[in-house]
Amino acid sequence: MPRALRVSAAAFALFLVTACNSASTGGSTSTSVRGVTADTIKVGGIVSMTTASGYSKKDTDLGARARYDRANAEGGINGRKIEYLGAEDDGQDPAKNLAAARKLVQQDKVFAVSPMSSVTFAGADFLDTQKVPTVGWGTLPSFCGPAHLYGFNGCLVPTPGGTLNQTWPEGLAAVLGGARGRSVALIAGDNDAGKFGIRTFTQGFKAAGFQVAYAKAVVPATSMPSDWSAYTKEILRSGPGGRAPDAVVSVMQTPYNIGLFTSLKRSGYKGVISDPTDYDPGLLAKDATKQALDGVHVLLQFQPFEADTPAMRRFKDDIKNASGGTEVPLSMHMLTGYMSADLFLSIAAKAGKDLTVESFQQAADGFSDTGTLVGDRALPKGKKESFGCGALVRLKNGRYEVAVPFTCYPPIPFG
């Protein structure tokens with residue numbers, strides 16, 4: 001047989017073998033899509049499990065695992081089980097965040113990253129460029145716009161042209177009996193998240209009718225102050241006529257809040273104190289912490305654990321199952337992991353059996369559902385605005401109680 005003919009025959013045979021193998025496995029998704037086989041979908045997470053201040057979001061990993069476990073128990077997503085690798089710890093360090101993203105994609109070959117929960121997201125551009133569907137807590141601008149990144153409750157810090165969630169200012173207005181004639185002080189850490197938080201919440205509180213007496217991102221983000229008196233004095237003199245403001249709003253994490261709130265109370269402050277992070281029964285184990293947080297109104301962007309709804313009962317059951325059948329204290333970080341996983345699973349299910357990045361993106365475009373723990377969800381709306389719902393809970397006598405019920409507020413334009 002002439003050499004050219006032999007080569008052509010060999011090439012034709014190789015083509016037949018390849019075609020048969022492709023057909024036998026149900027198409028290209030089992031062999032050519034990163035992290036997807038005929039039976040599994042590989043997913044990893046990035047979470048600040050440890051930090052210099054001692055603050056930890058490790059419960060985010062448990063929440064995600066609980067949701068993936070239920071999906072697998074129910075048969076998986078279109079016949080595929082979720083292979084959840086757990087969360088990489090970024091230590092709240094930008095370099096480690098990027099390194100974790102690279103590891104998950106280049107070494108572990110994941111299809112998706114969910115959850116992603118940190119105050120830094122240096123890996124955002126890498127994940128988007130690599131076309132990795134990524135779902136997390138949309139508290140950073142990176143979740144607002146990039147094609148492959150999704151906030152489980154939408155975009156919370158939008159770019160101009162988006163909208164602002166008004167749960168916090170409207171909720172505090174309800175607590176104070178109205179915003180008219182009321183003043184508020186906003187304080188945050190000196191980092192990107194803190195600066196953006198000050199910018200957005202300043203606009204939101206003004207739109208609700210508050211006078212913003214103080215709004216600064218000045219607290220060192222890498223070393224917690226041992227003496228809060230300088231911050232306290234400035235805040236307490238910032239209200240009209242040099243008086244204390246009616247409310248102090250901290251856009252910081254728990255260890256910082258404990259220090260600031262303790263200092264405010266020791267200075268005799270009697271106004272409303274509020275933050276977005278301290279909804280965690282585990283914090284009440286220490287008397288000093290319990291005293292510092294007593295009376296504090298905490299912003300929630302999901303249904304309170306005290307809510308008796310089918311979705312909340314299912315969440316609690318899933319967490320218990322993932323914890324080996326034992327009751328564990330619930331935390332907001334559990335819910336952020338759980339709802340990150342839930343949004344990923346919901347979109348992946350809509351994408352169908354032929355799961356690819358392209359089919360996932362097509363499913364996301366026009367995705368919507370209702371009645372979830374974060375309210376009604378819709379995409380691509382969630383790329384520019386939050387899903388607009390939330391509640392306020394208050395710690396009183398060692399227990400959390402609902403101060404303002406879970407409500408969906410009309411968003412306002414951000415500019």
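Here are some notes on this predicted model, covering its pockets, its cavity, a helix pair, the disulfides and a few backbone details.

1. Let's start with the largest pocket, whose volume is about 1,100 Å³. Its lining counts 47 residues, and those nearest the centre are Val-119, Asn-191, Ala-193, Gly-194 and Gln-253. Two elements, helix 5 (167-176) and helix 6 (192-207), each give two or more residues to this lining. Helix 6 supplies the largest share, with seven residues. By class, the lining of the largest pocket splits into 23 nonpolar, 22 polar and two charged residues.

2. The second largest pocket holds about 290 Å³ of space. Here 17 residues form the lining, with Ser-56, Asp-59, Asp-280, Leu-283 and His-333 nearest the centre. Helix 8 (254-266) and helix 11 are the elements that contribute two or more residues to the second largest pocket, and helix 11 gives the most, with three.

3. Rolling a probe the size of a water molecule over the atoms shows where empty space is left. The structure has one cavity of 30 Å³ or more, and the volume of the largest cavity is about 40 Å³. Around the largest cavity sit Asn-153, Leu-156, Asn-165, Gln-301, Val-374, Ser-386, Phe-387, Gly-388 and Cys-389. That lining has four nonpolar residues, five polar ones and no charged ones.

4. Helix 10 (residues 310-322) meets helix 11 (residues 332-351) at an angle of about 100°, and their axes are 12 Å apart. The two helices are therefore roughly perpendicular to each other. On the helix 10 side, the contact is made by Met-312, Arg-314, Phe-315, Asp-318 and Ile-319, while helix 11 brings in Met-334, Leu-335 and Tyr-338. The residues of this contact comprise six nonpolar, no polar and two charged.

5. How many disulfides does a search of the whole structure find? There are two. One of the pairs is Cys-144 with Cys-155, whose sulfur atoms lie 2.0 Å apart. The link of Cys-144 and Cys-155 is right-handed, with 100° about the S-S bond.

6. Two peptide bonds are worth checking in your viewer. The bond joining Ser-114 and Pro-115 is cis, with omega about 20°, and Pro-115 belongs to strand 3 (residues 112-117). Another cis bond runs from Leu-379 to Pro-380, where omega is near 5°. Pro-380 is placed in the loop between strand 13 (375-378) and strand 14 (389-396).

7. Finally, a point on phi. Lys-109 is not a glycine, yet its phi is positive, at about 60°. Where does Lys-109 lie? Lys-109 is found in the loop between helix 3 (94-107) and strand 3, and strand 3 also contains Pro-115.

Notes: Residues numbered from 1 in each chain as written. Predicted model: local features only at pLDDT ≥ 70, side-chain atom pairs only at ≥ 80, totals over all residues. Heavy atoms only, no water. Axes fitted to C-alpha atoms, helices over the stretch in contact; angles between N-to-C directions. Helix = DSSP H or I, 4+ residues; strand = E, 2+ residues; numbered from the N terminus. Parallel < 35°, antiparallel > 145°, perpendicular 65-115°, else oblique. Contact = heavy atoms within 4.5 Å. Nonpolar A, V, L, I, M, F, W, Y, C, P; charged D, E, K, R; others polar. 1 Å grid on protein atoms, 1.4 Å probe; cavity = no way out; pocket = protein on both sides within 12 Å on 5 of 7 lines; lining within 4 Å. Points joined across faces, edges and corners; volume = space filled by probe spheres on them. Disulfide = S-S within 2.5 Å.
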